[in-house]
Amino acid sequence: MTARIIGTGSYVPERIVKNEDLAKIVETSDEWIVSRTGIHERRVAVEEGTSHMAVEAAKKALADAGVGAEELDIILLATSSPDYCFPAGACEVQAEIGAVNAVAYDISAACSGFIFAMNTVYGFMKAGIYRTALVIGADCLSKLTDWSDRSTCVLFGDAAGAAVMRAEETGLVHMTMGSDGVKGPVLSCVARTTGNFANGRIPEIGYMYMDGQEVFKFAVKKVPDCVRQVLEESGVPIDEIRYFILHQANYRIVEAAARRLKQPMEKFPMNMDRYGNTSGATIPTLLDDMNRAGKLERGDKIVIAGFGAGLTWGAALVEW
Ligand code: ACO
């Protein structure tokens, strides 16, 4: 038994922020952003938070799968920008959609979060523990962004994507995940847990920090490495893969991965041009775009892979 994706959904806020809009608040240009990242515009949440976006994506995924919320055994929300420290955003989703029979909790692995959540569900289903799962990747990084820092504020956007997974004979074939906490400081965002009466410090309100070049170097090596690893371990030749659904951080990272894997760019769909880097939401929103456009056919072999803060990385070979 394995876990198969039987429905997808996504949500993006209405507010579109173009590169030209950012050039009005920081010293940057459309030309710089497009040439370095491939991003033309992104969506920015105005009133909605992470849980609202997650709920909307979840409802669409359930409708696409034809699954009722009460059928869900487990809800995993991958996010690094929850609305609350607790309760978990997944519990808010559970309440909103009426998934009364599910256990719900969050997974924190930044941009690798959706892959980690999907792979966790695979483990549960392989072990025969759960039958129906809702996996969501949702992030609202605009609210953790320093909008005066041009090196990060041009990169990110807000979104949520979701997938319903069911225990079936075919689906997720093999997966890998990894993390290297030693490299954690290259991509971080402080929480408000730094001060109390005993140390006399006022809790910090932190913004995201990123050493872009270090992350870039890490990503262009780790992504192809973990793609190769899942393929080698499952004995599937790379040419049999129809699509590589990679984390949408930067066009140049995807291009470098394609080059290292010696695969044509047509196999690497992208949506960061419209949405920017939406962290845990990039992979499920892209899956949903492709699913709804009819680009995924039953039996297609696809590889899903990504990287993120932690540092973390992961990949999965999926038979659609
Ligand atoms: N507009 C104009 N100039 C800028 C901007 C901007 N928005 N941002 C930085 N610059 C300047 C810098 O100040 C620097 O100027 P200087 O040479 O005068 O000092 C110059 O551009 C070059 O800066 P670099 O940081 O060297 O630019 P680089 O070519 O490395 O591109 C980028 C930066 C796009 C961030 C790249 O390093 C990258 O893509 N890294 C990976 C980032 C990533 O994937 N992040 C997501 C991580 S995981 C997750 O998804 C959470």
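This is a predicted model: local features need pLDDT of at least 70, side-chain atom pairs count only at pLDDT 80 or more; totals for chains, interfaces and linings use all residues.

Modeller: Residues are numbered from 1 along each chain as its sequence is written, and side-chain values use heavy atoms, with hydrogens and water left out.

Colleague: What makes β1 and β7 a pair?

Modeller: Strands are DSSP runs of E, at least two residues long, numbered from the N terminus. Two of them pair if DSSP finds at least two bridges between them. Nine bridges join β1 to β7 (residues 158-168), so the pair meets that definition. The two run antiparallel, and G9 has A162 in β7 as its bridge partner.

Colleague: Why is β1 called an edge strand?

Modeller: The open sheet has the order β1-β7-β6-β4-β5, with mixed pairing. β1 (2-11) and β5 (103-107) each pair on one side only, so they are the edge strands.

Colleague: What makes the space lined by V223 and F307, among others, a cavity?

Modeller: On a 1 Å grid over the protein atoms alone, a cavity is a set of points where a 1.4 Å probe fits but cannot get out; lining residues have an atom within 4 Å of a point. The structure holds one cavity of 30 Å³ or more. β12 (301-308) gives the most to its lining, with three residues.

Colleague: How do you know that the lining has no charged residues?

Modeller: Asp, Glu, Lys and Arg count as charged. The lining consists of V223, L246, H247, I253, V254, A305, G306 and F307, so none falls in that class.

Definitions and conventions: Helices (H or I, at least four residues) and strands (E, at least two) are DSSP runs, numbered from the N terminus. On a 1 Å grid over the protein atoms alone, a cavity is a set of points where a 1.4 Å probe fits but cannot get out, and a pocket is an open set with protein on both sides within 12 Å along at least five of seven lines; lining residues have an atom within 4 Å of a point. Grid points are joined across faces, edges and corners, and a volume is the space filled by probe spheres set on the points.
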